[in-house]
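Please read the numbered points alongside the sequence and the model.

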Amino acid sequence: MSIRPWRDIHRRQSRQIMVGNVPVGGDAPVTVQTMTNTPTSDAAATIDQIRRCEEAGVDIIRVSCPDVESTAALGTIVRASNVPIVADIHFHYKRALEAADAGAACLRINPGNIGSDERVAEVVRAAKANGCAIRIGVNAGSLEKDLLEKYGEPCPEALVESALDHIKLLQDHDFHDYKVAVKASDVFLAVAAYQGLAEATDCPLHLGITEAGGLIGGTVKSSIGIGSLLWFGIGDTIRVSLSAEPEEEVRVGFEILKALGIRNRGVRVVSCPSCARQGFDVIRTVQTLEERLQHIRTPMSLSVLGCVVNGPGEARETDIGLTGGGAGKHMVYLSGMTSHTIDDAGMIDHIVTLVEAKAAEIEAANEAVKIAAE
């Protein structure tokens, strides 16, 4: 038990599979995924979008493969990508075969949607031959007719039964390198379905609240749904579905993981909502700092508070702290200790410089530990 047991998350034990060179499940870190929205047939545009997502820290990227033109471009995309590529296949099994041969690390399919048992067998053979994993994607909006008739509406039991039916199709062909998602736009439905599936199988689970909405609304819904499941210890990889650019999905995904202490990347900002006591414009300062610090990948913390009511206390718990003071003079804290003051004019540039220096210091220390261990 840790010294703060109220923070402990007891992760569900799942089997581990490989998506390319990225482990998913078991004791591997929870991975963050997104999906491109460019036409996959436009390899240049798709690769450009993948680059932006890589800069944001994405672990795995999914691309849609609805036609031959898309799978024809997939090989170029796979070779250019620094992260594993998942090929999204909905109905046509031949696209799955083409994607596997093109180097996709994973095929996103519903085995029951692609036709006869022989077609499922062909896809499994292609996946095995090319070292592909498979992601079964069950969605409340596209449940099988027989399950809708049986249950009357999309419900947790229907989603779980659909997932188990699809799992059986793969297991019948001795294929076990799969992960499963049971997504819904209804947070309550999705969470209950994932809880049921977590009890019914030991396979890795891909979390998501589908069709969650725009940047703000979708972030809130996804944070509630994905966050609560992760808090329960459920989930091995996540995708935040937003009507926003893919790199925004990645950033939100990492923020969810950071908030739960599951995985840290970049600067964790602690900031106040601002009020009449603020010594500087907190809102604009935080917005600017978040934009200018996106390139920092080293896990560290920064507090930005407008006044001395809570500022010193928060600064004691962060690597770098900024607290608003009177007459345009603001206090800077380093490693929880009072350090110096800074005025309005050079404040943001100064904090960026301090964060970059602290990140370099942390990385140097980590490298020294690594060398010593070798």
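1. The crossing of α7 and α8 is right-handed, a crossing being right-handed if the near helix is turned clockwise from the far one by less than a right angle, and left-handed if anticlockwise. Helices (H or I, at least four residues) and strands (E, at least two) are DSSP runs, numbered from the N terminus. The model is predicted: local features need pLDDT of at least 70, side-chain atom pairs count only at pLDDT 80 or more, and totals for chains, interfaces and linings use all residues. Residues are numbered from 1 along each chain as its sequence is written, and side-chain values use heavy atoms, with hydrogens and water left out.

2. The axes of α7 and α8 (residues 215–231) cross at roughly 20° and come within 10 Å; axes are lines fitted to C-alpha atoms, for helices over the stretch in contact, and angles run from 0 to 180 degrees between N-to-C directions. The two helices α7 and α8 are therefore roughly parallel, the term for angles under 35 degrees. In α7, V187, V191, Y194 and Q195 meet K221, I224, G225, S228 and L229 of α8, where contact means heavy atoms within 4.5 Å. This contact of α7 with α8 comprises five nonpolar, three polar and one charged residues (Ala, Val, Leu, Ile, Met, Phe, Trp, Tyr, Cys and Pro count as nonpolar, Asp, Glu, Lys and Arg as charged, and the others, Gly among them, as polar).

3. Helix α6 (residues 156–171) packs on α7 (residues 187–200) at an angle of about 45°, with the axes 8 Å apart. The crossing of α6 and α7 is right-handed. By class, their contact has 10 nonpolar, one polar and no charged residues.

4. An open sheet of eight strands, with parallel pairing, has the order β8-β7-β6-β5-β4-β3-β10-β9; two strands pair if DSSP finds at least two bridges between them. Strands β8 (178–183) and β9 (206–207) stand at the edges with a single partner strand each, so one side of each has no neighbour in the sheet. Within the sheet, three bridges join the parallel strands β3 (residues 31–35) and β4 (residues 60–64), and Q33 stands opposite I60 in β4.

5. Which phi value does A327 have? Its phi is near 55°, a positive value in a residue other than glycine. A327 is found in the loop between β13 (320–323) and β14 (329–334) and is exposed, with a relative accessible area of 83% (exposed means over 50%, with a 1.4 Å probe and protein chains only).

Key
Buried < 20%, exposed > 50% of the residue type's maximum accessible area, 1.4 Å probe, protein only. Parallel < 35°, antiparallel > 145°, perpendicular 65-115°, else oblique.
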